[in-house]
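I am opening my notebook on a structure that is new to me. Come along while I look things up, one entry at a time.

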Amino acid sequence: MELTIENVSEQHLEEIARNLAGGLFPGAFIALFGDLGAGKTAFTKYAAKELNIDDIQSPTFTIVREHQGHLPLFHFDCYRLEDEDELYAIGFEDYLARGGAIIMEWCERVPCALPRERLELHITGSGSMPRTLRFVSMGAQYEKLLERIKC
């Protein structure tokens, strides 16, 4: 299932992220794609608010940050990784098994590491201009999650 939303303001991005986060479940995986400044970290920050997490920062230099909220959140940023091997070297499989939700930025850097079932969010545009969001759900749980979005 795919859903595209055009002309997304910052306020609308927050609303969408929070609605999605309200339906996150143990093991949920959201894969974020987009250029620098597209809003990947902003989306994560807004989703985290819904989980009672307020200290979201880009994990570009640490690769992953762990957050405790209603549901543990593991926020990955793969921008500095060369390939999937580097992701697995930091214990990625352990994070997948821990039962928290994962939101991963720069998934285009590690496509072979992404779980078969996931929700993808492709963001075009930037914070200074309205964005276009294209969601692709892969798996029944993610189709249900996508239904939480009110356009």
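**Entry 1: strand β5**

I started with β5: Ala101, Ile103 and Glu105 point one way, Ile102 and Met104 point the other way, and all are buried. "Buried" here means under 20% relative accessible area, with exposed being over 50% and partly exposed in between (1.4 Å probe, protein chains only). In a regular strand the side chains alternate between the two faces of the sheet. Five of the five residues of β5 are buried, so the strand is largely enclosed by the rest of the structure.

Before going on, I noted that this is a predicted model, in which local features need pLDDT of at least 70, side-chain atom pairs count only at pLDDT 80 or more, and totals for chains, interfaces and linings use all residues. Residues are numbered from 1 along each chain as its sequence is written, and side-chain values use heavy atoms, with hydrogens and water left out.

**Entry 2: the partners of β5**

Which strands pair with β5 in the parallel sense? One is β4 (residues 73–77), which pairs with β5 (residues 101–105) over five bridges. The other I found is β2, with three bridges. I used the rule that two strands pair if DSSP finds at least two bridges between them. Helices (H or I, at least four residues) and strands (E, at least two) are DSSP runs, numbered from the N terminus.

Then I looked at who faces whom. Met104 in β5 has Phe76 opposite and also Ala31 opposite. Ile102 in β5 has Phe74 opposite.

**Entry 3: the whole sheet**

I stepped back and found an open sheet of seven strands in the order β1-β7-β6-β2-β5-β4-β3, with mixed pairing. Its edge strands are β1 (2–8) and β3 (64–67), and each pairs on one side only. Neighbouring strands are turned by 15 degrees against each other on average, direction ignored. Axes for such angles are lines fitted to C-alpha atoms, for helices over the stretch in contact, and angles run from 0 to 180 degrees between N-to-C directions.

**Entry 4: the chain as a whole**

I counted five helices and seven strands in the chain. From the N terminus on, the elements run β-α-β-α-β-β-α-α-β-β-β-α. The radius of gyration is 14 Å, close to the 15 Å that the globule rule gives for 151 residues, so the chain is as compact as a globular protein of that length. That radius is taken over C-alpha atoms, and the rule is 2.2 Å times the number of residues to the power 0.38. Of the 151 residues, 50% count as buried.

**Entry 5: helix α2**

Where does α2 (residues 40–50) lie? It lies across β2 (29–34), β4, β5 and β6, running at about 150 degrees to β2. Its buried residues are Lys40, Ala42, Phe43, Thr44, Tyr46, Ala47 and Ala48. Their cover includes α1 (10–21), β2, β4, β5 and β6.

**Entry 6: the core**

Which members of the largest nonpolar core touch the most other members? Of its 54 residues, they are Leu24, Phe76, Leu87, Met104 and Phe135. A nonpolar core is a set of buried Ala, Val, Leu, Ile, Met, Phe, Trp, Tyr and Cys residues joined through side-chain atoms within 4.5 Å. I followed Leu24: not counting residues up to four places away in sequence, Leu24 touches Ile30, Leu51, Leu71, Ala101 and Leu145. Contact means heavy atoms within 4.5 Å.

Cys78 lies in the loop between β4 and α3 (84–89) and is buried, with a relative accessible area of 0%. Leaving aside neighbours within four places in sequence, Cys78 is in contact with Leu87, Met104, Glu105, Trp106, Arg109 and Val110.

His122 sits in strand β6 (residues 118–124) and counts as buried at 18% relative accessibility. A polar contact of 2.8 Å joins the side chains of His122 and Glu120. (Such a contact is a pair of N or O atoms within 3.5 Å; within protein, one must be able to donate a hydrogen and the other to accept it, and residues adjacent in sequence count only if both atoms are side-chain atoms.)

**Entry 7: two positive phi values**

Most residues other than glycine have a negative phi, and most peptide bonds are trans. Asn52 has a positive phi of about 65 degrees although it is not a glycine. Asn52 lies in the loop between α2 and β3. Is Asn52 buried or exposed? Asn52 is exposed, with a relative accessible area of 55%.

Trp106 also has a positive phi, near 60 degrees. The place of Trp106 is the loop between β5 and β6, and Trp106 counts as buried at 11% relative accessibility.
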